[in-house]
Amino acid sequence: MTTLPWGRKDSRPANGRRRGDKKPGGVRDVLAEATSSSSMSEREVVVSSGLVVLSVIMLWLVVQMLVLGGLEFSRGQDRLYGQLRAELATGEAPTGGVIAPGDPVALLKLPSLGVDQVVVEGTSAGHMLTAPGHRRDTVLPGQAGVSVLYGRSQTFGKPFQVMLQDALGKDMNVVTGQGTSTYRIEQVRRPGDPVPAPPAAGQGRLTLVTSQGSGFLSALRPGEVVYVDASLRTKSFAGGAARVNTIAKSERPMAGDHSVLPMLALTLGGLLAAVVATPFARRRFGSVLTWMIAAPVVLALAWFAADLTVYLLPNLL
Amino acid sequence: MSRRRIALLLGVLVVATFVTSSTVTAAGDDVGAFSQKKTVTRENVDAFGNASTVDSQDVTLEVDHTKNLQGRERVQVSWSGARASAGRATNPYGENGLAQEYPMVILQCRGRDDSSLSAGKRLSPETCWTSSRQQRSQVADTSAAVWRLDPFATEADRGQVSGVSKVPAGCSSPGADSSLHLTPFKAANGKVYPACSNDTMPPEAAIDGAFPPAEQAAYTGVDGKGETSFEVRSSIENESLGCNESTPCSIVAVPIMGTSCARGTGDLADTNGPCRAKGQFAPGSSNFSGLGVDDAVSPLYWWAESNWRNRISVPITFGASPNVCNVLDSRAPVGFYGTELMSQAALQWAPAYCLRKDRFRFQHNVQPDQASFTLMEQKEAPGAFVSGAQEDAGEDNGSPEYAPTAVTGFAVSYVMDRPDNAGEDSDLKLNARLIAKLLTQSYPASAFGKDHPGLGDNPLSINQDPEFKALNPGLDSIAREAAAVIMSLSESSDVVKAISQYIATDPEASAFIAGKADPWGMTVNPSYKDISLPVSEWPLLDEFIPVMKDDCLKANNDTPYLPRLAAPVTSFRKIAEAVLDAWPLAQTRCTGIGTDLSPYVLGRSERQGVGARMLLGVTTLGDAERFGLRTASLQTSQIPPGGTFSSAAGRTFVGPTRAGMAAAVKTAEQAKRGAPFTLDMEKVRRSKGAYPGTLIVYTAARTAGLEKSTARTVAGFVRTATTEGQRPGSGNGFLPSGYLPITRAGTTAALFTSAQQVAADIEGQVGETATQAPADTSAGIGGPGTDALTDAAATGDDAATDDAPKQATSDQLESLGSTASLTSTLAAWALPLLVLLGLAAGLAGPAMRVLAARRRLR
């Protein structure tokens with residue numbers, strides 16, 4: 001966005017009176033102006049601006065994932081907490097059966113670490129932008145059997161990063177529609193470590209799945225799936241109605257969700273349209289007005305487009 | 001402008017992300033590299049009272065590592081900007097180094113050079129170790145006692161008797177025309193040795209002491225640069241000096257600039273007098289015959305204040321002493337038996353176990369590989385360190401598995417001086433045939449060996465061998481007994497096996513052993529002809545007893561000559577120390593006069609003189625790194641036996657670097673889970689950069705029949721050793737130099753994964769035992785009460801014997817094997833790639849504009 005010629009001081013009057021001129025305010029005109037002011041050839045201006053645009057897009061994505069995503073996560077958690085709270089109060093929180101993906105199902109609490117996370121149903125990348133996801137073909141937390149939760153480790157609030165270090169050995173409370181259960185977080189399991197035996201009848205286990213990097217810049221390279229096992233310390237609840245048998249490919253660990261591609265294309269189109277329209281609007285309505293209107297629109301579209309792009313990336317990132 | 005601000009903001013955000021995500025490194029991996037610059041001067045005052053700076057140099061001193069040192073460890077000291085030395089002595093150590101001009105005196109002193117410390121903790125010349133009286137105390141004609149004119153010394157230090165308030169008992173007073181300066185030595189226990197004669201020196205300074213002198217007057221080249229290895233001594237080697245974990249010490253380097261001179265009377269103060277002397281030798285020259293030098297510029301007066309004030313002090317710390325666990329941990333040790341390749345690692349690891357109450361007391365006992373493996377299988381030891389597959393003991397061996405624990409290897413360590421005082425050779429190249437020649441005792445060594453049938457025409461020692469000369473030009477050709485053999489191990493070891501494998505897989509070397517003469521006509525010792533390789537224990541086959549004429553030798557002439565030269569020993573450590581001291585192990589020195597009081601005795605030969613050292617030995621890489629020994633590069637290319645050659649061209653040689661070891665590990669293959677990796681020498685040679693001496697050390701342990709607590713201990717050890725124990729560094733629990741870290745990712749990832757699998761197998765005791773009971777009792781020998789997991793595991797993955805009923809029903813627990821590896825390249829690289837691309841494009845765009853703007857300005 002910064003490459004667009006909004007910010008450049010225009011020597012000509014901005015009142016749109018030049019409509020009758022040759023090529024008024026066209027792209028070529030802008031380029032010529034840039035060229036004349038910096039003695040760059042037209043091609044150099046295009047390449048240089050293109051590089052800056054590319055840079056901004058890339059860094060925007062990074063910032064969105066690492067920083068702004070955290071805001072989005074917090075806001076989503078707020079909303080989900082409110083929803084889950086209401087459902088718990090009215091007894092409508094799900095206890096089994098087929099639950100709509102994206103609905104809150106449980107609350108993870110680690111009071112000593114200040115962790116308070118609402119878990120949503122479904123583990124595709126999109127659902128996990130605002131909350132850890134519960135794998136749909138496993139029992140709900142607190143019920144007998146193995147329940148599996150996915151969580152991101154480095155982006156969008158980093159909900160499960162804490163599980164890999166500080167949370168080890170601690171007790172975690174999980175609130176669902178059936179009541180509160182306590183799990184002891186026991187071990188981090190990496191490739192090659194033995195898989196623990198399935199819990200005995202009436203016992204429960206919670207497996208938290210997230211990712212971790214190793215080596216240089218490990219914090220930015222969470223390429224390996226790791227598991228955190230927690231065993232149920234309290235009495236297990238009975239399983240509810242039958243769960244789904246299979247899950248989509250996009251809900252497996254490290255999968256991306258490609259179903260958003262059409263949406264992404266539309267959003268990018270919209271973003272392009274907004275960006276292209278802005279300089280023309282500026283000539284028509286003046287800088288202040290255009291800024292007021294265009295900035296929020298472009299920002300919102302950029303934010304949304306970045307979110308959709310993250311759908312395509314692995315869900316445990 | 002706004003776009004710049006936004007770019008700046010984004011940049012700051014990105015940088016902030018990096019900073020917050022970077023991890024804090026632990027302190028133990030800091031080896032404490034040291035560097036300091038100091039301006040050193042010589043300042044004279046002339047007869048009219050005018051002070052002038054005669055000489056001023058900016059000396060920069062560097063030391064490669066200074067932390068957590070062990071006794072006898074050598075640190076690399078280098079400096080630049082010093083005044084060029086002159087009259088170089090062949091041997092710079094101890095009193096032998098005194099006859100030099102402008103050297104760099106390097107000493108080890110107790111205490112620190114810190115004025116904020118109390119006097120007892122500060123270093124001074126009196127806490128600096130020297131191994132002879134001459135280096136501390138001087139009696140001289142007053143007309144030559146240059147220290148008495150030192151303008152920087154106190155008035156008391158310029159008196160006729162200085163350094164002490166009065167002449168101590170046991171020391172003689174100087175005559176009327178003489179002056180005496182004593183630099184007493186203050187021992188760690190408080191005792192003060194006056195150091196006026198050999199009898200008044202500390203016990204460790206006895207003539208022919210256990211250890212050769214470490215302090216040296218090192219040589220600075222004409223370019224002002226110099227470097228040397230400095231051996232530090234702990235309180236174990238030198239109790240009087242007393243440096244250890246709790247007593248801080250320093251290495252002190254005194255660049256000798258010459259003593260400064262004040263105004264005075266008499267010959268001493270003369271313009272051309274001894275005090276203002278500038279040396280007799282030209283910079284860069286040698287002083288082979290130990291001629292006299294100008295004392296004022298010699299290392300003799302390093303303690304004089306005008307020299308001493310120029311010192312650079314390097315604080316050093318010592319690591320936990322090897323017996324720290326015996327002293328501080330009263331628990332019974334858990335003894336792992338096995339290869340000596342682990343000793344240096346175990347030295348640093350042990351305190352990280354025994355000093356923690358939640359761990360056990362780890363102890364490493366050196367034993368031959370096979371013997372320790374058998375001990376482990378017989379449950380005499382919980383685990384064994386072996387560096388290759390071992391033979392099973394037979395029944396009830398507990399299905400042992402091998403967990404990779406360290407990557408290290410052997411080195412051919414050596415010390416060789418170049419002729420004409422040109423320093424040490426640092427780039428020795430050896431091929432398999434040369435090692436074969438040394439091991440098969442094919443060099444006759446001396447006139448005695450010449451009479452050996454079949455060896456008469458062979459070169460006397462390796463430095464006379466044209467093949468050796470072709471690979472290592474520039475060394476002398478003086479025959480030496482010590483250079484006819486390579487110091488090696490008498491016991492069985494996988495290291496010996498690896499060396500013999502290296503020989504057996506080399507076409508040139510194997511043809512030589514088979515009896516084919518080398519291109520210059522040298523043939524194998526007939527006693528070793530056609531010896532079948534590889535072997536784990538190198539045999540002593542030669543039985544030739546020469547005819548001796550010397551009475552002493554005749555009296556002791558009942559053992560074969562060449563094996564006496566080879567004199568293999570029981571530990572690599574002894575070989576390493578022999579190389580360090582340049583003290584051959586050969587038992588060929590005959591002393592005594594043949595009387596009852598002084599019988600003829602055959603003993604270890606003498607230390608080699610510095611300047612003419614030539615000694616080779618097989619050591620562990622850990623020892624070689626610890627003692628700072630030089631290690632030879634080994635030939636990896638396989639050359640079919642052919643004609644003579646005159647240079648190393650066309651042959652590749654690889655030294656024991658981390659890269660060389662990593663390349664070797666890359667060729668390793670594992671047959672099945674829990675099995676050792678095989679390092680096929682053929683493959684190692686084919687991958688050009690792989691070091692042939694690389695060995696992987698495994699912790700082998702039973703996977704069945706081990707008590708639960710022991711199993712957990714061993715599994716815990718493997719896990720800790722392969723994670724925490726693989727951080728390179730000198731601190732407790734860190735991995736010393738000479739080992740390649742095993743990491744979760746990278747070349748050694750397969751080893752890491754295997755180690756974790758084996759740890760799981762050991763902990764779960766999943767193996768089958770020969771005495772396996774039916775499935776209704778537990779798999780372990782621990783009897784009833786072994787936990788359900790073990791029980792189930794035995795019926796699971798490695799499914800027990802055929803007669804075991806299939807009971808893996810839903811209500812019984814079952815081992816599911818190990819966690820599968822699931823990785824995502826996209827997840828691993830998306831963020832770094834975005835950041836990188838973003839930054840690159842973000843820099844390139846504005847850069848183009850800046851360039852354009854500059855073009856326009858021009």
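**A walk through chain B**

Strands here are DSSP runs (E, at least two residues), helices are runs of H or I with at least four residues, and both are numbered from the N terminus. Two strands pair if DSSP finds at least two bridges between them.

Zoom in on B:Asp141, and opposite is B:Ser178 in S7(B).

A word on what you're viewing. This is a predicted model, in which local features need pLDDT of at least 70, side-chain atom pairs count only at pLDDT 80 or more, and totals for chains, interfaces and linings use all residues. Residues are numbered from 1 along each chain as its sequence is written, while chains are lettered from A and ligands numbered from 1 in the order in which they are written.

Next, select helix H15 (residues 658–666) of chain B, where the buried residues (20 or more other C-beta atoms within 10 Å of their own, C-beta atoms being placed from the backbone) include B:Gly660, B:Met661 and B:Ala663. Their cover includes strand S17 (401–416), helix H16 (681–686) and helix H18 (749–764) of chain B.

Last, colour by pLDDT, the predictor's confidence in each residue, from 0 to 100. Chain B has a mean of 85, but pLDDT stays under 50 over its residues 770–815.

Key. Contact = placed C-beta atoms within 7 Å. Buried ≥ 20, exposed ≤ 12 C-beta atoms within 10 Å, placed from the backbone.
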